[in-house]
Amino acid sequence: MLPLVVACFSLGVNYFWLIFSNDSLGDFIIKLTLTPRYDYEHEVFKVSLPSEECLGVPTALCSANCPRLLHINVPSRNARFWETLKTMLFFTLTDKEKKFWNSHLETTIGLKLIKWMIGEVKDSGCKTMTDIFNPKITFNLRCDSDLVEMQSTLTVNDVHADSTIPIPIHIRSQVSSSFSAKLEMISEDEAEVRVYKIEFELQLPST
């Protein structure tokens, strides 16, 4: 049995061929088809939804004091992308090199160095991986519930930062019970999709 570890760094279906040669047995080829999945949540946000109604015209930005205007803090960094890249990189390193990259991979100089190294490899797969190191990415936002209103785009200035970005969301006044919604963040080049589940729990009015 031949153990293989594969990773998808793009949303497209990719094909690879493993070629085995043997003077006695002959040659044979195995075709690999990599189909990415992104239909599961990166994270689940639990949000308390006030029972008070909207104060004005219901839009994503409505009013700073509107009780139906909430914020969710999404991570700047795509942790799954990052961990996958780190895992695949470490398969190619010696123990001494692993020690170096453990200390420098997430630094500014480390990011620039590895992006340069990958860029030097004339391979379509490596070209796809270099997109992960672009620091600024604009996402189109999409929600599967018409009860939730939000801005249409979000720009993350540093997708390598271990921080969060607040997204203002407005909940329509006719909502009278707890519900959940799915938020999709799709990069403009469609190279990355993030999926988040938001669980809104309606708070009972105070007595």
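## Opening question

Is Arg 172 buried, exposed or partly exposed? The answer is partly exposed, with a relative accessible area of 27%.

## Confidence in the model

Please keep in mind that this is a predicted model. The mean pLDDT of the protein is 81, and 85% of the residues reach 70 or more. Confidence is highest in strand S7 (residues 153-156), where the mean is 95. At the other end of the scale sits helix H4 (residues 124-130), with the lowest mean, 61.

Side chains of opposite charge can pair when their charged atoms come close. With a cut-off of 4 Å between a side-chain nitrogen of Lys or Arg and a carboxyl oxygen of Asp or Glu, the count for this model is 6 salt bridges.

One of them joins Lys 46 to Glu 199, with 2.6 Å between the closest N and O atoms. This pair links distant parts of the chain, as Lys 46 belongs to strand S3 (residues 43-49) and Glu 199 to strand S10 (residues 193-202), 153 residues apart. Lys 46 counts as exposed, at 68% relative accessibility, while Glu 199 is partly exposed, with a relative accessible area of 25%. Both residues also take part in a network of salt bridges, in which they are linked with Lys 197.

## Arg 142 and Glu 184

Another salt bridge is formed by Arg 142 and Glu 184, whose closest N and O atoms are 2.4 Å apart.

What about their surroundings? Arg 142 has a relative accessible area of 49%, so the residue is classed as partly exposed; the cut-off for exposed is over 50%. Glu 184 is buried, with a relative accessible area of 13%.

## Back to Arg 172

Which residue does Arg 172 meet in a salt bridge? The partner is Glu 149, at 3.2 Å from N to O.

Glu 149 counts as buried because its relative accessibility is 14%, and buried means under 20%. Arg 172, at 27%, is partly exposed.

Definitions and conventions:
Residues numbered from 1 in each chain as written. Predicted model: local features only at pLDDT ≥ 70, side-chain atom pairs only at ≥ 80, totals over all residues. Heavy atoms only, no water. pLDDT = per-residue confidence, 0-100. Helix = DSSP H or I, 4+ residues; strand = E, 2+ residues; numbered from the N terminus. Buried < 20%, exposed > 50% of the residue type's maximum accessible area, 1.4 Å probe, protein only.
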